[in-house]
Amino acid sequence: MKQSKLFILLSALLVAALLLAACPAPAAPAEPAPEAVSQEAAAAEEVIEIEYWQYNFAARVEAMDQLIQMFEEENPNIKVIHNADIPYAEFRDKIAASVPAGVGPDVATLFYGWQSAWIDAGYLTPLPEDAFPPSMVEEQFSPMVQASFVDGTLYTLPTAVRTLALFYNKDLMEAAGLDPNSPPSSLGALRDQAVHCTQRDDDDNLVVEGFVVDPSAQDHHWFREVLVRQFGGVPYSDDYGEVLYNDEAGLQAWNYLLSFHTELATGDRDLFDGSTNAFVGGHVCFHVDGSFRLGTIANNNPDMNFGVIELPEHNGVKSTFGSYWTHGLTKKAAEDPARFDAAVKFLQFITSAEAGALWVEIVGELPAQLEAGSDPELLADEKLGAFAAGLEYAYATFFADESQQRQALIDAFDLVILTDEDPATALEIAAETDQEILDEFRTSR
Amino acid sequence: MRLTLRQRQIIWAYVFMSVALVFFVVIRWYPTILAFNVSFRDWNVFEGSGPWVGMENYQEIWEDAGKPRSSVTAAFSNTVRYVLFGVPSQLVLALGIALLLAQIRRLAAFFRVAYFAPYVTSAVAVAFVWNWLYQPETGLLNQALDLVGLPQQPFTKSPTQALPSITAVAVWQNLGFAVIIFLAGIQQIPSIYYEAARIDGANSWHIFWRITLPLLNPIIVYLTVLGTISYLRLFALVQNMSPQGTGGPLKSTTTVVLEVYREGFSSYKMGYAGALTVLLFLLILLITIVQLRFLSRRVEY
C-alpha cells in the first residue's frame, strides 16, 4: 500500500517532468500566437512595434540610434526596438537560434555575402517592388549593390558600403628612404617599394614588414576582384555561376600574390598577430584593407602617421572589391501586414541618401547611394577619398557561401606556402572547390 | 496512512532529485533525441523544421568522405589521432605525477592546486595564453629554442605540428583532474600490501608493477573512458587555436565537433550536422563499450 503511494507520487513527478520537457516542442515558430491576431485588429490606432537587430559595434549602434530617433519622430505610430547587444562572432548563431524560439528581428542587418544562405533558408522576404523598384536601385545605388539581387529578385538594401584601398605607413616609408608623398600607384611599384621598406635585424628576423599577404584577411578579395582583372582575366562568369580565375591570367595574378611570401619575403602573416594587427601596430609599410579599418586605427593607434590611396593599378586597369552590410526583411515581419508595412517604411528610411550621409559621419562607411557617395567633400577627404573613388569601379563578389569560398583560397595559399605545392595545382584545387560550392548552391535551389 | 520518518526521507530525496531530472530531461535528453530526428531531415534552422529525407544526410557524409581533401575524413581521422596521442600521454604523465605527489608531505596541497588549476580554467583562456606561447619569433617557446641554439618551430602554424601542439595543451589542461583521481586511488591502497611485499623482499619496481598498478586498474579504466570521451569531443581549444577557428592549417586540426558546428551554424545545414553528431555519438558509444569490456577486470588479493 505504502509502496504504491510512493510509486504514484513518483510517476506523477515523472509525468510532470516529461510534460515540461515536451513544452518546447509545440512552440513552433510558424504558428501565430493568438494575441498577434487581436493586435492586428487594433493596429490602426495603436503603436506598431518592430524589432531591428544588428551586431554590436559602437559606431554602428550610435548611428542607428540616431536614425531610429529621426524615424520615430516622422512616424509616431511606429516604435523600433533596437537590439545591438550581440557580439559579432555570435550574431549568426543568435539569429539562427531566435527563429525556432519564435522571436527575433523584423529588419535584420547581415553581411551581403550571407544573403544566399539566409534566402536559401527561407529567412528573408523579397523586398516589395512598389517600395523598392529595381530601376531605382540601379540608378541611385552604387553598382556593387546589384549583388543584392539574387536570381533577379531584390532581397536586401544597404545604408552604406565599403571598398578596399591601399594603406601606407608614412613614417616607415620615410625611415626606409622612400618618399611618403609618392606611395605605390602600380603593382610594380608596390613590389619594389615593399622590398625596399622591409627591414630585418641581425638574426634575420623581420622588424618592419614591407607588405604582408594574408588571404584570410582582405587579400582573397583583392586576388579575385582586383588582381585577376588587372592581369587580364575575370574571376567568375557574369552570373557568378562559373569559376574562371584558374586560367593563364589568374595564374599570373596568383603568382604575383604569392611572390610577396615566397621570393620577395616582404612579410610573414603569422608575425605580430596577423597582417591587419601588424599594420595597425605600426610594423607594416603597405596594407590592403577596407574603409572600416580607419576606425580601428583611430581607436588603437591614433598617432600613427599613415595615408590611404586607391589600390595600385596594372595594365591600365583599376579595380577594387566592394562589400556591404545590408538590411533585409525577415519572414517574421511578413507574417503580419501591419508590421510588414512598418518594416518597409523603416527600411526605406535607413537606406535613404540622408541616412547614408549620417552614417558616413559617424561610422566612416561610404554612403550606398551614389548621390551621397559622389559628394565632392567626401572625395576630397584625405582618408575616405580613396575609398569613395573606388565606388564607381568596385565589384562585389556574389558568394554562395562566403566563408567556404574564402577557405578555398586560404587552403590553396597554405598548400603553396606550407607544403610547397605547385602554385598552378593549388589554384586549380581552389577553383575546383569553389566551383563545387557554387554548383551545390545552384542545385539546392 | 502514516509514513515513517525513513519513508518521508526517501520521498523527499526523490523530490529533490526530480528537480535535477527535469533539468536533464529538458536540457540534455530532449535535444539529444531531437538531434537524431534532425539527422533524418533536410532541416533548416530558419524554418525550424524540414521534410523527412531518410538516410540522405548520412549518404551525403559518406560521399563527402570519399572526396579528395575531405573535411569529414580529416575530422574523423584527426579526432582519432587526438585520442591516440592525448589519452596515453595524459595517463602516463598523471600517474607519474600522482606517484611523486603521494611521496611528499611538505607543500603537497600547493602542488595539488598547481596541477589542478588548468583544469578549472576556461579552455578559451588557456587557448589564448598558449597561442602567445606558440607565437613565431616572439613567443616564449621560440625564444627559448633560440636561446639554446635550436631552430624556431611554427607549432600551430604548420600542418604537421599543429595537431600535436594542440594535443599537448589539452593534455596539460586535463592533467590535473587525472592526477587528483590517481592520487585518491593510490591512497586507497591498504598499506599492509606494501608492508607485506617489503618483508618478502620486493623492490620498488616490483611493488609498482605488482601492487600499485593492478590495484589502480579501476581508476585507469575510469580515466581512460572519460579521457577518450573528452578527446573525442574536443572543440574549444581547436576553435581558438587554429587560424580563424577553422581547424586549419589545411584541415590538419579540425575535429568532428568543429565540423558539426561549421556545418550547422556557418552553412546552416542542420540535418547534415545532426547526422555527424549521431555518428560521433555512435563512435563514442562503441569505443566506450569496447573499453569497458576489455579494460575492466577485477583484481583481488
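Visitor: Which domains does the domain assignment give for chain A?
Guide: The bounds come from an automatic or database domain assignment. This model is predicted: local features need pLDDT of at least 70, side-chain atom pairs count only at pLDDT 80 or more, and totals for chains, interfaces and linings use all residues. Residues are numbered from 1 along each chain as its sequence is written, while chains are lettered from A and ligands numbered from 1 in the order in which they are written. Chain A has domain 1 (45-162 + 324-395) and domain 2 (164-320 + 398-444).

Visitor: Which element gives the most to the side of domain 1 of chain A that touches domain 2 of chain A?
Guide: Across this boundary, 20 residues of domain 1 of chain A are in contact with 20 residues of domain 2 of chain A (C-beta atoms, placed from the backbone, within 7 Å). Helix 5 (115-120), helix 18 (384-390) and strand 16 (394-395) of chain A each give two or more residues to the domain 1 side; helices (H or I, at least four residues) and strands (E, at least two) are DSSP runs, numbered from the N terminus. With 5 residues, the top contributor is helix 18 of chain A.

Visitor: At what angle do helix 3 and helix 12 of chain B pack?
Guide: S71(B), V72(B), A75(B), F76(B) and T79(B) of helix 3 meet V256(B), L258(B) and E259(B) of helix 12. Axes are lines fitted to C-alpha atoms over the stretch in contact, with angles from 0 to 180 degrees between N-to-C directions. The axes lie 8 Å apart, and the angle is about 150°.

Visitor: Where is the kink in helix 7 of chain B centred?
Guide: The bend at a residue is the angle between axes fitted to the seven residues ending there and the seven starting there. Helix 7 of chain B has a kink of about 40°, centred on N174(B).

Conventions
Contact = placed C-beta atoms within 7 Å.
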